[in-house]
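Please keep the sequence and the coordinates in view while reading.

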Amino acid sequence: GRLCASHWANFNLTDHEIMAKQPHCLLSETIKPNNKQSDYSSLQLIIFLCIASFVAISSSNSNLIQERAQEESTSYGRSTNLVTFLVRDYNEAIDWFTGTLEFSKTQDVTNKETGVRWVVIAPSTNTGTSFLLAQAQDDEEKSRVGTQTGNNVGFFLSTPDFERDYKEFMNKGLTFLEQPRYEVYGTVAVFVDLYGNKWDLIEHNS
């Protein structure tokens, strides 16, 4: 380190002599903090703290995002998979749906105590909404068979190949109320089922 000015007055002094004459000066210069080194260490500490804070915040945000995603998947993972379809007779409805529209009967169970029959049909691909067939019991229910959605199209049968299914259904005697229409959303035509309910046969544009 640097020596005090008084030490440089005599260049012939040895190190031991210098220490003997002015020990306090040399010692003070030896232990004096290096300002540059101290600043560098402080900068390193600041950088470390910034990085640690960033990592902590990132980890916290990541956990929050995962929690919100889990909440959304739990809260909004709902779906409609069963709709009641009013029929005049279970067996005639099953025959028509499985024969004409090629649906599958997925459930057919009778409650032994009440005698109520639980019949569920679904598209043969087993995708989309299934129908719970409900046989009309009284005059009011019977009057609603075929009109449960009024004069509106109540059901929508999607297909990946409209031309194929349209020709096949026509050959099976299915009644279409119009010629195929080419809309901005896809190709569609309205048909009626055995009770007069209106359906859309539709191929959505990709």
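A salt bridge is counted here when a side-chain nitrogen of Lys or Arg lies within 4 Å of a carboxyl oxygen of Asp or Glu. Side chains of opposite charge can pair when their charged atoms come close. By this rule, the count comes to nine salt bridges, and one of them joins arginine 88 to glutamate 92, with the closest N and O atoms 3.1 Å apart.

The model is a predicted one, in which local features need pLDDT of at least 70 and side-chain atom pairs count only at pLDDT 80 or more, while totals for chains, interfaces and linings use all residues. Residues are numbered from 1 along each chain as its sequence is written, and side-chain values use heavy atoms, with hydrogens and water left out.

Of the 206 residues in the protein, 25% are buried. If a contact is taken as heavy atoms within 4.5 Å, residues 24 or more positions apart account for 49% of the contacts with a separation of 6 or more. The protein exposes about 14600 Å², of which carbon and sulfur atoms supply 53%, the areas coming from the Shrake-Rupley method with a 1.4 Å probe and, for residues, with only the protein chains shown counting as cover.

Part of that surface is a nonpolar patch formed by Leu43, Ile47 and Ile51, which together have about 280 Å² of accessible area. Patches are made of residues with over 30% relative accessible area and no salt bridge, like charges being joined within 9 Å and nonpolar side chains (Val, Leu, Ile, Met, Phe, Trp, Tyr) within 5 Å. Isoleucine 47 belongs to helix 3 (residues 35-75) and is partly exposed, with a relative accessible area of 44%. An α-helix has 3.6 residues a turn, so residues three or four places apart point the same way.

Turning to the strands, two of them are said to pair if DSSP finds at least two bridges between them. Strand 1 (residues 82-87) and strand 4 (residues 130-135) pair in the parallel sense over six bridges, and valine 83 stands opposite phenylalanine 131 in strand 4. Strand 4 also runs antiparallel to strand 3 (residues 117-123), the two being joined by three bridges, and here leucine 132 in strand 4 is the bridge partner of valine 120.

Helix 6 (residues 162-171) has as its buried residues Phe162, Asp165, Tyr166 and Phe169. They cover an arc of only 105° around the axis, which puts them on the same side of helix 6; the arc is that of the directions from the helix axis to the C-beta atoms. These buried residues pack against strand 5 (153-158), strand 6 (175-176), strand 8 (186-192) and strand 9 (198-204), while the face turned away from the buried side carries the exposed residues Lys167 and Asn171. Aspartate 165 counts as buried at 12% relative accessibility, and its side chain meets that of arginine 164 in a salt bridge (2.9 Å, N to O). Helix 6 is followed by glycine 173, whose phi is positive, near 90°.

A further salt bridge, at 2.8 Å from N to O, brings together the side chains of glutamate 102 and lysine 172. Because glutamate 102 lies in the loop between helix 4 and strand 2 and lysine 172 in the loop between helix 6 and strand 6, the pair ties together parts that are 70 residues apart in sequence. Glutamate 102 is partly exposed at 35% relative accessibility, and its phi is near 60°, a positive value in a residue other than glycine.

Not counting residues up to four places away in sequence, asparagine 197 touches Phe85, Gly146, Thr147, Gln148, Phe155, Phe191 and Val192. Its C-alpha lies 7.4 Å from that of valine 153, although asparagine 197 and valine 153 are 44 residues apart in sequence.

Methods. Buried < 20%, exposed > 50% of the residue type's maximum accessible area, 1.4 Å probe, protein only. Helix = DSSP H or I, 4+ residues; strand = E, 2+ residues; numbered from the N terminus.
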